[in-house]
Amino acid sequence: LLFTVSKDHHPSVWYADNGEHIGTYHGHTGAVWCVAVNESSTLLLTGSADNSARLWDVPTGNELMVFKHPAPVRAVDFALGDGHFLTALDNI
């Protein structure tokens, strides 16, 4: 799987082997600048100019949780083992 982000507010997922578009994740209201997927490709984490990081269920596309921040989220990543994650803000 290949995950992409863009200024259109919608992260997308594609089959890496043939480029077929699988789906789009709807919920952000600003440009999405960063994305991370967990080791088993079941959870997706996105960061956006809308001052939020969002956790998604990859297979269903459902938004699981919204994490509000005081500034745009520029970087996200899962920790080893997927038990924690990190976000970095624009104002740091």
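Predicted model: local features only at pLDDT ≥ 70, side-chain atom pairs only at ≥ 80, totals over all residues.
Colleague: Which residues make the nonpolar surface patch?
Modeller: Leu1, Tyr15 and Ile22. Together they form a patch of about 280 Å².

Colleague: Where does isoleucine 22 lie?
Modeller: In strand 3, which covers residues 21–24.

Colleague: Why is isoleucine 22 called partly exposed?
Modeller: Because its relative accessible area is 41%, and partly exposed runs between under 20% for buried and over 50% for exposed.

Colleague: How do strand 2 and strand 3 run, and how many bridges join them?
Modeller: They run antiparallel, with three bridges. Strand 2 spans residues 12–14. Valine 13 sits opposite glycine 23 of strand 3.

Colleague: What about the hairpin, how many residues are between the strands?
Modeller: Six residues. In that hairpin, glycine 19 has a positive phi near 80 degrees.

Colleague: Switching to the whole chain. How many helices and strands?
Modeller: Zero helices, nine strands. Along the sequence the pattern reads β-β-β-β-β-β-β-β-β.

Colleague: What radius of gyration does the chain have?
Modeller: 12 Å. A compact globule with 92 residues would have one near 12 Å, so the chain agrees. The C-alpha trace spans about 40 × 30 × 20 Å along its principal axes.

Colleague: What percentage of the residues count as buried?
Modeller: 35% of the 92.

Colleague: And contacts, what share join residues at least 24 apart?
Modeller: 28%, among contacts between residues at least 6 apart in sequence.

Terms used:
Residues numbered from 1 in each chain as written. Heavy atoms only, no water. Patch = residues over 30% accessible without salt bridge, like charges linked within 9 Å, V, L, I, M, F, W, Y side chains within 5 Å. Areas by Shrake-Rupley, 256 points an atom, 1.4 Å probe, with all protein chains shown as cover. Salt bridge = Lys/Arg side-chain N within 4 Å of Asp/Glu carboxyl O. Helix = DSSP H or I, 4+ residues; strand = E, 2+ residues; numbered from the N terminus. Buried < 20%, exposed > 50% of the residue type's maximum accessible area, 1.4 Å probe, protein only. Pairing = 2+ DSSP bridges. Rg over C-alpha atoms; globule rule 2.2 N^0.38 Å. Contact = heavy atoms within 4.5 Å.
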